Amino acid sequence: MATIGAARAKVSSVVRHVSGNLPAEVTSFVGRGAEVAAARRLLASTRLLTLTGPGGVGKTRLSRRVGQVVRRAFPDGVWLVEVAHVNDGELVASSVAQTLGLRDDTNARMAGLSDFLADKSLLLILDNCEHLIETCAALADRIIPATSDVRILATSREPLGVSGEQVMPVAPLPVPELDDDSAVAAASDSEALRLLIDRAAAANPDFRVTDANRAALAAICRRLEGIPLALELAALRLRMFTPDQVLTRLDDALRLLTTGLRTAPERQQTLEAAIRWSYDLCTSDEQRLWEQMSVFAGGFDLEAAEAVCLVDPPGALLDALTGLVEKSVLGHRHDSDGTGRYTMLEPLRQFALAGLTARGGERAVRIRHRDYYYRLARRGRTDYWGGKDVDWFRGVTREHANMRAALQFSLADPEGAYRALEIATELRPFWEHYRFLLEGYRWLLEALEINPEHTIDRARALASASVIAAMLSDTAAADGFAEECVEIATELAATDVLVEAALLSALLAFAVGDSRRAIEIAETAANRARECAYYGAEMESLAFAYVCALVLDDPRAGALAERFLAKTARQGSQLLGGLGYWAVGTHHWRAGEQSAAIGDLRRAIELFRLFDRCVWIASGFDGLAWAAAADDDRVRAARLMGAASTARRGSTQRLAHAMTQAVGDKILEQVRTTMGDKEFRAAFDAGAALGLDEAVDYALDTRPRPVTEAVKPVAADTLTRRERDVARLVADGYSNKRIAGELVISIRTAESHVDHILTKLGFTSRTQIAGWVSKNSTGG
């Protein structure tokens, strides 16, 4: 049985609902009550629900609304993945993992992602799947059988075609009936008209509905067939035109659209006409800017817009940008780090990109886009190991979608293929430290294949590919890349690349079990890097040399750790500085100086937490667990080990983990043996159940420690996770029907859960269940 403290931790983890990442609604949600209710009912009986319909019909907004309504049914949250920002099918699974905060990348077989989701209860919203329909279908087909309580809500212009999929077509909003005798009454009940009026009032506070203009407003709704995006665009025109003028211009646009040969469905033509009319109302500068901005993926900031988009004169860009925001072509928000960011709805982006392509201007804009993001990637040469590392990692993370777009364009452009090699190489610290190893590896391999010439850039790329291959434990590939790297670097007298190659040799020696040789090579590499002022390589070599010394209990460990930390302090590095504090802290632990060890290791974690997806935070938890074990605080040690296991769950960083496991596994077994398997497992599981922020707070001791009473038999472990959810709702006074609605399950299933709870706990009434929940959800 688990300890009471562990049981409380488990119950509290059920009560705590992870919200997910759904963005806040910035405009009112109009109508769709029946659709929301229908989607909620369907989610109770299917694992995959796909909302289908033409562009602009409101699938995205409806999916987010459904997610908001059912979020309490999913303790692990509702997570939105905007597939429209991904243009390569092989990156869909990585994008899902990144959105979920899975601290690793995932491979093509999605083993890591499936493993992460296995015990989760969450709703995954895959938005705008149509351009990667086969990949999204394959992902859903893999996730659903591999999990028990993960559901997927997809939006697409067509079904995914997966077994068990429930398809729910999304129709345009109902429009006012054409009835002269009851036009006023019918119009007031129309969701399309309500949306048009709501958005018109938001755009123009002076806008008023009158008996004189109501018929024209109703006619606009009918003319636009109730398509929400088209209605919102028309509403913006009501700032400068009367309803009658808007209606006249819409009629003209639609008539123009149907004069030629068109193969698009009528409803799609209607939307395009509405977008084109908005386009025609823009100034020429705004039109050019709109088209050029269509090359961005996942949004952009002002600096990127000024670098990529050309408006003549240059000073006119800000005015055009402001105009596009005012016309709602662009959205603008402030991210959590205070940076301003512009976004564009996908139908508007596609329209603009078609225009840019038709005018023959796409390649020039994409070259400027590629080169701008190359410059951001290249900053990592110095920012990675210096005082600007936080800003660089955050910038690359924010622009990950644009980096992918730049890489894809470069790979497809024969004249600019070298840029793919450069970008993929410069991002090596991002691939490595933020756990996108497999994605980075793939970009590097593709870029190396189309750039066979013996250049310094190829040598650098080979070095990066070798590092990643070694971390993935693919020593044969790593050896091959390293050998060619040395050959080219020697041929071209590239001293800095030869330093990287020396570090590669150390990694490969460790990978085959020769730690003694690895430490010698790493020390030599550090000295050579210092001589040629290659400080990043020097610090990485010192870090690796220290880990080898730690594993071997080599007397050089202390001096290496101190030298490493001192170097990071001089350069102002925070990521590598965190590793420096980890090195000094674990050395203090090995020397029996636990107080100093804890202080240094906590400082390491404080630095690691500055980086959103830092791979090394699990190592910080490990170090504190070792110190706790040395202080005979076995429960805390086991909890920290559990937190570390969750932080690195599904990781492909096999070599890095082999380094720490060489030490950590021995301590884990010692703690387990001393505590006994049941008590150890209870504490370990309690730590593993912590979210990352909770685990960091626990590691830093910034919150009260969980209760750690002696082992007592408790009933919490006898209930499944879903049964504990139901028990909580019973305690809140919910009926079976209301429980079914809250958890998006059938009433019969809810009744069955309650019966099982009563049987397992030996109770006869719902009141007794409520008392049990109260007793087991306090403390912890």
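## Starting with what is buried

A residue counts as buried when its relative accessible area is under 20%, as exposed when it is over 50%, and as partly exposed in between (1.4 Å probe, protein chains only). Both arginine 428 and glutamate 432 are buried, and their side chains meet in a salt bridge, 2.6 Å from N to O. A salt bridge here is a side-chain nitrogen of Lys or Arg within 4 Å of a carboxyl oxygen of Asp or Glu.

What you're looking at is a predicted model, where local features need pLDDT of at least 70, side-chain atom pairs count only at pLDDT 80 or more, and totals for chains, interfaces and linings use all residues. Residues are numbered from 1 along each chain as its sequence is written, and side-chain values use heavy atoms, with hydrogens and water left out.

## The chain as a whole

The protein chain has 40 helices and 7 strands; these are DSSP runs numbered from the N terminus, helices being H or I with at least four residues and strands E with at least two. Of its 780 residues, 57% are buried. Taking the contacts (heavy atoms within 4.5 Å) with a separation of 6 or more, 74% are between residues 24 or more positions apart.

## Two nonpolar cores

A nonpolar core is a set of buried Ala, Val, Leu, Ile, Met, Phe, Trp, Tyr and Cys residues joined through side-chain atoms within 4.5 Å. The largest one has 209 residues, and among those with the most contacts inside it are Leu160, Trp290 and Phe621. A second, separate core has 40 residues, including Leu51 and Val773.

Let's zoom in on leucine 160. Leaving aside neighbours within four places in sequence, leucine 160 is in contact with residues including Leu48, Ile133, Ala154 and Glu165.

## The second largest pocket

A pocket is found on a 1 Å grid over the protein atoms alone: it's an open set of points where a 1.4 Å probe fits, with protein on both sides within 12 Å along at least five of seven lines, and its lining residues have an atom within 4 Å of a point. The second largest pocket has a volume of about 850 Å³. Of its 42 lining residues, the closest to the centre are Tyr384, Arg428, Leu503, Gly536 and Glu540.

Which helix gives the largest share of this lining? That's α28, with 8 residues. Others that supply at least two residues each include α21 (417-426) and α22 (428-433). By class, the lining has 26 nonpolar, 8 polar and 8 charged residues; Ala, Val, Leu, Ile, Met, Phe, Trp, Tyr, Cys and Pro count as nonpolar, Asp, Glu, Lys and Arg as charged, and the others, Gly among them, as polar.

## Salt bridges, near and far in sequence

The structure holds 39 salt bridges. Arginine 428 and glutamate 432 both lie in helix α22, 4 residues apart, or about one turn. Aspartate 685 and arginine 681, also bridged, have their closest N and O atoms 3.2 Å apart. These two are 4 residues apart in helix α35, so about one helical turn separates them. Arginine 681 is partly exposed at 34%, and aspartate 685 is partly exposed too, at 25%.

Glutamate 523 and arginine 556 pair up at 2.8 Å. This pair links distant parts of the chain, 33 residues apart: glutamate 523 is in helix α27, arginine 556 in the loop between α28 and α29.

Arg363, Arg370, Asp371, Asp413, Glu415, Arg419 and Glu422 are linked in a network of salt bridges. Helix α21 is mostly covered, with 9 of its 10 residues buried. Arg419 and Glu422 are among the buried ones.

Technical notes
Grid points are joined across faces, edges and corners, and a volume is the space filled by probe spheres set on the points.
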